[in-house]
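I opened this notebook to keep track of what I looked up, entry by entry. The structure comes next, and my notes come after it.

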Amino acid sequence: MKIGILGAGGMADALGTQWIRAGHEVMVSGRDPVRARSRAESMNAQAGVPGARAGSWAEAAGFGEVAMVGVRAEGLADVLGATGTALRGKPLIDVTNAGPDRHDPARPLARLIADLTGGHVVKAFNLCHVDVWRMRPPVFAGRPLAVPLCGDDATALGLVRELVRDLGCTPLDGGGLDRAAQLEATAAFVIGLWFGGADAQAILPPLAGSGAHLPS
Ligand SMILES: NC(=O)c1ccc[n+]([C@@H]2O[C@H](COP(=O)([O-])OP(=O)(O)OC[C@H]3O[C@@H](n4cnc5c(N)ncnc54)[C@H](OP(=O)(O)O)[C@@H]3O)[C@@H](O)[C@H]2O)c1
């Protein structure tokens, strides 16, 4: 699969490198073409295959059958504005968070991205730190990490499920794009706990102990 990544920072590096290892082609992009090129070179060196290249925001948006938005929330409007109509109707992975202190439940980033691009947005990968996405594979206590996906478009969801499995993770249906706001709120909440030194995973029971509300 060809994957255009808006961003050349940590998330572009971590996820993009995993995907080129899995045989995909990736184009990263940033504000500084020299830095973006150097990021692509470093990804190729880490992966041991020449699957990454760099381009402009518009080139990355038009590059593949799927794109990923991996930029800081404060840059979203400028970056997406620079992509023109290239993302319209395209599967678009949104990994963004506003940061625990800037999260605004009334203005979900996933909805903003969908409105600005006309893309088929799937919110994913926003709950875990970038170092988790570098793990090969992200498995904790013998259990592969589950990655919730929120989106409305069946084709886009199918592609993102495949990219989740490429990391050795398990895709989890998180509902439609209207539920992406809850994923963003969850990230803001648990990141706040982690920043405070708490084990956020300990706040939830395993399924078997989660109460008598399962469908029979
Ligand atoms: N880091 C994590 O652990 C993590 C985990 C989950 C989700 N996320 C989310 O994923 C997104 C990317 O995170 P990251 O860790 O990859 O960030 P990063 O390493 O700081 O990279 C940020 C990227 O955003 C671009 N950008 C565009 N406009 C910007 C602006 N006005 N200010 C700052 N950067 C701008 C940067 O361009 P240049 O290349 O030109 O600098 C860079 O490519 C963010 O929304 C973040 O909240 C991060």
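What follows are my entries on salt bridges and on one pair of helices.

**Entry 1, ground rules.** I am working with a predicted model, in which local features need pLDDT of at least 70 and side-chain atom pairs count only at pLDDT 80 or more, while totals for chains, interfaces and linings use all residues. Residues are numbered from 1 along each chain as its sequence is written, and side-chain values use heavy atoms, with hydrogens and water left out.

Asp 94 belongs to strand S5 (residues 91-94) and Lys 123 to strand S6 (residues 120-123), so that the pair, 29 residues apart, links distant parts of the chain, where strands (E, at least two residues) and helices (H or I, at least four) are DSSP runs numbered from the N terminus. Lys 123 also meets the side chain of Glu 184 in a salt bridge, at 2.9 Å from N to O. This second pair again links distant parts of the chain, with Glu 184 in helix H8 (residues 180-195), 61 residues from Lys 123. I then asked whether these residues are buried (under 20% relative accessible area), exposed (over 50%) or partly exposed (in between), with a 1.4 Å probe and protein chains only. Asp 94 and Lys 123 are buried, and Glu 184 is buried as well.

I noted a salt bridge between Arg 134 and Asp 131, with the closest N and O atoms 3.8 Å apart. Arg 134 is partly exposed, its relative accessible area being 33%, and Asp 131 is partly exposed too, at 46%.

I turned to helix H1 (residues 10-21) and helix H2 (residues 33-47), whose axes come within 9 Å and cross at roughly 45 degrees; axes here are lines fitted to C-alpha atoms over the stretch in contact, with angles from 0 to 180 degrees between N-to-C directions. The contact (heavy atoms within 4.5 Å) includes Asp 13 and Gly 16 of H1 and Arg 39 and Met 43 of H2.

Notes: A salt bridge is a side-chain nitrogen of Lys or Arg within 4 Å of a carboxyl oxygen of Asp or Glu.
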